[in-house]
Amino acid sequence: QLQLEESGGGLVQPGGSLRLSCAASGATLDSFAIGWFRQAPGKEREGLSSISANSELTNYADSVKGRFTISRDNAKNTVYLQMNSLKPEDTAVYYCAAGFYPTGWGTPRLQPRTYDYWGQGTQVTVSS
């Protein structure tokens, strides 16, 4: 059974950077597309970014395009989300998720129902 664990969250000032990690255990990630999501209090879960199993296809929500970068290291069974130019509105719990999504299907979607396995989340707070 694939298990995911996020890390790297914390408190950062506006304009700062954080790198989130999503480490997998129980199975290898190289067959899965990975998505990053976030959920702020009182809001729906928002899809931020996704990456295909072979790393060739990535997708970003408009809210983070140009500021966040997704990457993966299948040898380490880990996916990353580099977050730059953070804003107070980026404050949320951040989740990674994995789903079976063959490369032939195109760029992995940013919809939660695309993904079957979820981590517990890591808190990111952007505040001065």
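1. In this predicted model, Cys22 has a relative accessibility of 0% and therefore counts as buried, the cut-off being under 20%. Cys96 is likewise buried, with a relative accessible area of 0%.

2. Cys22 and Cys96 are joined in a disulfide, with their sulfur atoms 2.1 Å apart. The structure holds one disulfide. Cys22 belongs to strand β3 and Cys96 to strand β9, so the pair ties together parts that are 74 residues apart in sequence. The torsion about the S-S bond of Cys22 and Cys96 is about 70°, and the disulfide is therefore right-handed.

3. The largest nonpolar core comprises 30 residues, of which Leu81, Met83 and Tyr94 touch the most other members. Strands that each supply at least two residues of this core include β3 (18–25), β4 (32–39), β8 (78–83) and β9 (92–100). Further contributors at that level are β5 (46–51), β7 (68–73) and β11 (122–126).

4. Leaving aside residues up to four places away in sequence, Tyr94 touches Leu81 and Met83, and among its other contacts are Leu20, Phe37, Leu48, Phe68 and Val124. Its contacts also include Glu6, Arg38, Gly121 and Thr122.

5. A search of the whole structure finds five aromatic pairs. One of them is formed by Phe37 and Tyr115 and is edge-to-face, at 5.4 Å centre to centre with 75° between the planes. This pair links distant parts of the chain, since Phe37 is in strand β4 while Tyr115 is in the loop between β9 and β10 (117–118), 78 residues apart. Both Phe37 and Tyr115 are buried.

6. Phe37 also pairs with Trp118 in a tilted arrangement, 4.9 Å centre to centre and with 50° between the planes. Because Phe37 lies in strand β4 and Trp118 in strand β10, this pair ties together parts that are 81 residues apart in sequence. Phe37 has 0% relative accessibility, whereas Trp118 is partly exposed, with a relative accessible area of 25%. Phe37, Tyr115 and Trp118 form one aromatic cluster.

7. Which ring faces does Arg45 lie over? One is that of Tyr95, where Arg45 is placed at 4.0 Å from the ring centre. Another is that of Trp118, with Arg45 at 4.8 Å from the ring centre.

Conventions
Residues are numbered from 1 along each chain as its sequence is written. This is a predicted model: local features need pLDDT of at least 70, side-chain atom pairs count only at pLDDT 80 or more; totals for chains, interfaces and linings use all residues. Side-chain values use heavy atoms; hydrogens and water are left out. A nonpolar core is a set of buried Ala, Val, Leu, Ile, Met, Phe, Trp, Tyr and Cys residues joined through side-chain atoms within 4.5 Å. Buried means under 20% relative accessible area, exposed over 50%, partly exposed in between (1.4 Å probe, protein chains only). Helices (H or I, at least four residues) and strands (E, at least two) are DSSP runs, numbered from the N terminus. Contact means heavy atoms within 4.5 Å. Rings of Phe, Tyr and Trp (its six-membered ring) pair if their centres lie within 6.5 Å; planes under 30 degrees apart count as stacked, over 60 as edge-to-face and the rest as tilted. A charge sits over a ring if NZ of Lys or CZ of Arg is within 6 Å of the ring centre and within 35 degrees of the ring normal. A disulfide is a pair of cysteine sulfur atoms within 2.5 Å.
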